[in-house]
Amino acid sequence: MLKRFGLTLLLTIIGGILGISLAIAFVWGWLDAGWQQIEASPEPIARLISIERDQVWVESESGILYKYTDAENCQSDCWTVVNSIPDPVWYDNPDPIETKDTTCSPALLLFNVEERIEQCHIEMWVSRNYVFALRENGNLYFWQSDIYGEWLVIELFFGLCTGAICLSVPAFLFILLPGILKWFSKRQKR
């Protein structure tokens, strides 16, 4: 009986870990945001220079600076030749709390990345990740996700509880309950 109880408890803990892992993937934007390949640059890209939200400045192999504008919405003719990189421009939020040159949460995994440039905008209720990745084959990819901090604890708690319940109920019904019924039937036979 003790083994059955231990197995049920172990499955409940495993369910909680799986549930909180899924909640973390949800919070980090891994479930609702994916990498998107953006339009090929006019020339092969030598390196990524700067990023400002969904805009990126690159240097081509011939040394020309290009700017890609509006990675979220632009479909064609998004590359423009520029002479220099301008100072950062603040968009919809004139006074962001903080801007970092790293992501607020880990970016979704992408293989064969040669170079990556990223930025995090921390605002009042949301942190926004912007990442450009240059793959070894020369293609440029963009990933953007939003992290809403005000519900973080609730989402993690809900994920933990849901995962634990999803594995503990079947474990109770198919492992622990038959053992309890067997134990009661032995006691009544005495």
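Helix H1 (residues 2-27) and helix H2 (residues 152-189) meet in this predicted model, their axes coming within 7 Å and crossing at roughly 155°. That angle makes H1 roughly antiparallel to H2, since anything over 145 degrees counts as such.

- The crossing of H1 and H2 is right-handed.
- Sorted by class, the residues in the contact of H1 with H2 are 20 nonpolar, nine polar and two charged.

**The protein as a whole**

- If you count the elements, you will find two helices and nine strands.
- Reading from the N terminus, their order is α-β-β-β-β-β-β-β-β-β-α.
- The protein is more spread out than a compact globule, because its radius of gyration is 25 Å, well over the 16 Å that the globule rule gives for 190 residues.
- Along the principal axes, the C-alpha trace spans about 95 × 40 × 25 Å.
- Of the 190 residues in the protein, 37% are buried.
- Among contacts with a separation of 6 or more, 53% come from residues 24 or more positions apart.

**Ala164, a residue of helix H2**

- You can find Ala164 in helix H2.
- Ala164 counts as buried because its relative accessibility is 16%, and the cut-off for buried is under 20%.
- Leaving aside residues up to four places away in sequence, Ala164 touches Thr12, Gly15 and Gly16.

**Gln55, a residue of strand E3**

- For a look at the strands, go to Gln55, which sits in strand E3 (residues 55-60).
- The relative accessible area of Gln55 is 7%, so this residue is buried by that cut-off of under 20%.
- Gln55 and Val131 are separated by 76 residues in sequence, and the distance between them in space is 9.8 Å, C-alpha to C-alpha.

**To take with you**

- Helices H1 and H2 are roughly antiparallel, and their crossing is right-handed.
- Both residues visited here are buried: Ala164 at 16% relative accessibility and Gln55 with a relative accessible area of 7%.

Terms used
Residues numbered from 1 in each chain as written. Predicted model: local features only at pLDDT ≥ 70, side-chain atom pairs only at ≥ 80, totals over all residues. Heavy atoms only, no water. Axes fitted to C-alpha atoms, helices over the stretch in contact; angles between N-to-C directions. Helix = DSSP H or I, 4+ residues; strand = E, 2+ residues; numbered from the N terminus. Parallel < 35°, antiparallel > 145°, perpendicular 65-115°, else oblique. Left-handed = near helix turned anticlockwise from the far one by under 90°. Nonpolar A, V, L, I, M, F, W, Y, C, P; charged D, E, K, R; others polar. Rg over C-alpha atoms; globule rule 2.2 N^0.38 Å. Buried < 20%, exposed > 50% of the residue type's maximum accessible area, 1.4 Å probe, protein only. Contact = heavy atoms within 4.5 Å.
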